[in-house]
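Load the model in a viewer and keep the selection panel open. The stops below go from single atom pairs out to the whole prediction.

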Amino acid sequence: DAVIRCEKLGKTYAEGNLRTPVFADLELSVARGETVAIVGASGAGKSTLLHLLGGLDAPTEGEVFVAGRSMSKLGDRARGELRNQALGFIYQFHHLLPEFTALENVMMPLLIAGRPVAQAAAKARGLLERVGLGARLDHKPGELSGGERQRAAVARALVNDPACVLGDEPTGNLDERTAATVFELMLELNREQGTSLVLVTHDRRLARRLDRTLELTGGRLHPLTPDEV
Ligand code: ADP
Ligand code: ADP
């Protein structure tokens, strides 16, 4: 019952004559409710892997299955729907839309999924309250602190009840205390809703709190023992 599964996944960037092989033959399976850290040196291919898992880029070999469906075999529209329905994304920089309020930003994935406005607003408001932003609903990203923006981004990532959240250094841009708060929030939502987490992080303390840690190095994914993390 994997939420995400990779089969013989490979990626080589090609620009003109320049070929950059990043990884090959990666196998990864993330179970429902499981939390996985991906660590590795800068340039190892962590962001590339996360982009492939999220269907933002196509692999050069192998396949990614999300909720049992092959991303590469779907058309653009169906892939977009699957991403919107099954996955949530949290980046180092929040990617909230500056001209919209916190509430509108969090409602957006539901509106895209075709839910009625009143229902989307109620759900988004509930989640924003849950992340401690109940008094900031009508603030635009520019009127929020860094931690508040990142918490709004967490709410947006979770508003569709995704099976899995993909995070690329989701707390990397925050001071230590705010990072800890945002991280604890993700763990709580994992515990309460069974949302799987796949987090790229360079923070080993954060990685240690997750179910398992994989190191991407030399184009391979190596499981680390708890002692190695
Ligand atoms: P990490 O996230 O671990 O720092 P990346 O996935 O960003 O690593 O990059 C892995 C390798 O792929 C690096 O050598 C990087 O230069 C290269 N790379 C990343 N994106 C592109 C791209 N769009 N075109 C060409 N090469 C890329
Ligand atoms: P310790 O060094 O004993 O882990 P800290 O006070 O530094 O204690 O951290 C307290 C908690 O906050 C720890 O459980 C840790 O996992 C978490 N934490 C610390 N720094 C970060 C960070 N940058 N991102 C997310 N969580 C963090």
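**Stops around ligand 2**

Select ligand 2 and E176: an N or O atom in the side chain of E176 is 3.3 Å from an oxygen atom of ligand 2. A polar contact here is a pair of N or O atoms within 3.5 Å; within protein, one must be able to donate a hydrogen and the other to accept it, and residues adjacent in sequence count only if both atoms are side-chain atoms.

This is a predicted model, in which local features need pLDDT of at least 70, side-chain atom pairs count only at pLDDT 80 or more, and totals for chains, interfaces and linings use all residues. Residues are numbered from 1 along each chain as its sequence is written, chains are lettered from A and ligands numbered from 1 in the order in which they are written, and side-chain values use heavy atoms, with hydrogens and water left out.

Next, select R205, which has a polar side-chain atom 2.3 Å from an oxygen atom of ligand 2.

Now show the whole shell (residues with a heavy atom within 4 Å of the ligand): T171, E176, A179, A180, F183, D203, R205, L206 and R209. Colour α6 (176-193) and α7 (204-208), each of which supplies at least two shell residues. The largest share comes from α6, with 4 residues. Helices are DSSP runs (H or I, at least four residues), numbered from the N terminus.

Finally, colour by pLDDT, the predictor's confidence in each residue from 0 to 100. The chain mean is 94, and 100% of residues reach 70 or more. For the complex, the predictor gives an ipTM of 0.71 and a pTM of 0.85.
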